[in-house]
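Please look through the sequence and the model below before reading on. The report then follows a pair of residues, the strands around them and the chain as a whole.

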Amino acid sequence: MTYTIQTHDAWGIVKVGDFQSLAEARQAFATLCADPWYRSDGTVRGVELVDASQDGASQRLDWLAFQ
């Protein structure tokens with residue numbers, strides 16, 4: 001199973017990376033959520049953690065919207 005982190009901004013969705021374990025993905029997600037650049041940039045609207053399953057369907061596991 002693969003877990004993906006994506007950011008959302010005014011131009012669309014950008015894949016940050018793929019992770020093989022949920023623990024690794026959650027650690028990276030938490031790091032991005034706490035990153036001062038993402039919080040202050042103003043163009044990044046949010047970050048999400050997605051379970052990218054084998055069949056092409058994906059499910060959002062976590063989401064943070066920057067204000």
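## A pair across two strands

V50 stands opposite R60 in strand 4, where strands are DSSP runs of E with at least two residues and helices are runs of H or I with at least four, both numbered from the N terminus. This is a predicted model, in which local features need pLDDT of at least 70 and side-chain atom pairs count only at pLDDT 80 or more, while totals for chains, interfaces and linings use all residues. Residues are numbered from 1 along each chain as its sequence is written, and side-chain values use heavy atoms, with hydrogens and water left out.

Seven of the nine residues of strand 3 are buried, where buried means under 20% relative accessible area, exposed over 50% and partly exposed in between, with a 1.4 Å probe and protein chains only.

## The whole chain

The protein chain has two helices and four strands, and their order along the sequence is β-β-α-α-β-β. Buried residues make up 34% of its 67 residues.

The C-alpha atoms of the protein chain fill a box of roughly 35 × 25 × 15 Å along the principal axes.

How values were computed:
Pairing = 2+ DSSP bridges.
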